[in-house]
Amino acid sequence: MEEEAEKLKELQNEVEKQMNLSPPPVGPVIMSIEEKMEADGRSIYVGNVDYGATAEELEAHFHGCGSVNRVTILCDKYTGHPKGFAYIEFADKESVRTAMALDESLFRGRQIKVGAKRTNRPGISTTDRGFPRARFRSRGGSFSSRARYYSGYTPPRGRGRAFRGRGRTTSWYSPY
């Protein structure tokens with residue numbers, strides 16, 4: 001078995017040398033920002049794509065615009081179902097202009113939206129909204145309305161805040 005495996009490796013190496021192919025890269029290929037921007041300049045966004053559409057059908061629909069390098073149909077990472085939009089990367093930038101003419105055309109019975117692909121800037125996220133400010137603000141000061149309810153404390157009536165002494169030495173809630 002080991003001898004056969006070695007022979008197969010030798011044959012594969014010989015074929016690669018004859019065809020001048022380099023071995024495939026190991027691990028994910030990391031592109032620089034400039035390369036991403038250049039690839040995004042040759043790409044389009046296609047919205048309202050039918051959920052049953054395949055990459056081959058999309059490639060055939062946009063084949064008249066130019067040579068297609070890649071078709072990416074985005075899927076939900078939890079369910080695996082398509083999200084309803086795709087990205088198509090062309091070989092040259094001129095194909096993007098001709099593909100924009102297919103905006104609002106029919107694909108599998110649906111009117112698709114075609115636009116230029118945006119380049120995501122590093123460090124700017126549309127999902128990160130920061131700290132939820134309004135959710136945890138209380139109106140009465142530094143303690144919550146629950147503490148007022150359970151402790152029996154009622155705020156003084158009148159204008160503004162009342163003087164509460166030098167400081168609180170005991171906590172509001174003491175179960176024992």
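**A close look at serine 105**

Tutor: Leaving aside neighbours within four places in sequence, serine 105 is in contact with His61, Arg110, Gln111 and Ile112. The model is a predicted one. Serine 105 sits in the loop between helix H4 (94-99) and strand S4 (106-107). Its relative accessible area is 16%, so serine 105 counts as buried, the cut-off being under 20%.

The side chain of serine 105 has polar partners. One is the side chain of histidine 61, joined to the side chain of serine 105 by a polar contact of 3.4 Å. Another is a backbone atom: the oxygen of leucine 102 lies 2.7 Å from a polar atom of the serine 105 side chain.

Now take leucine 106, which is found in strand S4. Leucine 106 has a relative accessible area of 61%, so it is exposed, the cut-off being over 50%. Not counting residues up to four places away in sequence, leucine 106 touches His61 and Gln111. Leucine 106 and histidine 61 are 45 residues apart in sequence. In space, their C-alpha atoms are 9.7 Å apart.

Next, the sheet. Four strands form an open sheet, in the order S2-S3-S1-S6, with antiparallel pairing. Strand S2 (68-75) and strand S6 (113-116) stand at the edges. Each has a single partner strand, so one side of each is left without a neighbour in the sheet. On average, neighbouring strands of this sheet are turned by 20 degrees against each other, direction ignored.

The pairing can be followed strand by strand. S2 and strand S3 (residues 82-90) pair in the antiparallel sense over 6 bridges. Threonine 72 has tyrosine 87 in S3 as its bridge partner. Valine 71 has isoleucine 88 in S3 as its bridge partner. The hairpin of S2 and S3 has 6 residues between the strands. In that hairpin, glycine 80 takes a positive phi near 85 degrees. S1 and S3 run antiparallel too, joined by 5 bridges. Here isoleucine 44 has isoleucine 88 in S3 as its bridge partner.

Isoleucine 44 and isoleucine 88 lead on to the core. The largest nonpolar core has 17 residues. Ile44, Val46, Leu58, Phe62, Ile88 and Phe90 touch the most other members. Strand S1 (43-47), S2, S3 and H4 each give two or more residues to this core. S3 supplies the largest share, 3 residues. In soluble globular proteins, nonpolar side chains tend to be buried together.

Valine 46 ties several of these parts together. Leaving aside neighbours within four places in sequence, it is in contact with Phe62, Gly84, Phe85, Ala86, Ile88, Ile112 and Lys113.

Last, the whole chain. There are 5 helices and 6 strands. Along the sequence they follow the pattern α-α-β-α-β-β-α-β-β-β-α. Of the 176 residues, 16% count as buried, and serine 105 is one of the buried residues. Among contacts between residues at least 6 apart in sequence, 60% join residues at least 24 apart. The chain exposes about 15000 Å², of which carbon and sulfur atoms supply 52%.

Terms used: Residues numbered from 1 in each chain as written. Predicted model: local features only at pLDDT ≥ 70, side-chain atom pairs only at ≥ 80, totals over all residues. Heavy atoms only, no water. Buried < 20%, exposed > 50% of the residue type's maximum accessible area, 1.4 Å probe, protein only. Polar contact = N/O pair within 3.5 Å; in protein donor to acceptor, adjacent residues only side chain to side chain. Contact = heavy atoms within 4.5 Å. Pairing = 2+ DSSP bridges. Axes fitted to C-alpha atoms, helices over the stretch in contact; angles between N-to-C directions. Core = buried A, V, L, I, M, F, W, Y, C linked by side-chain atoms within 4.5 Å. Areas by Shrake-Rupley, 256 points an atom, 1.4 Å probe, with all protein chains shown as cover.
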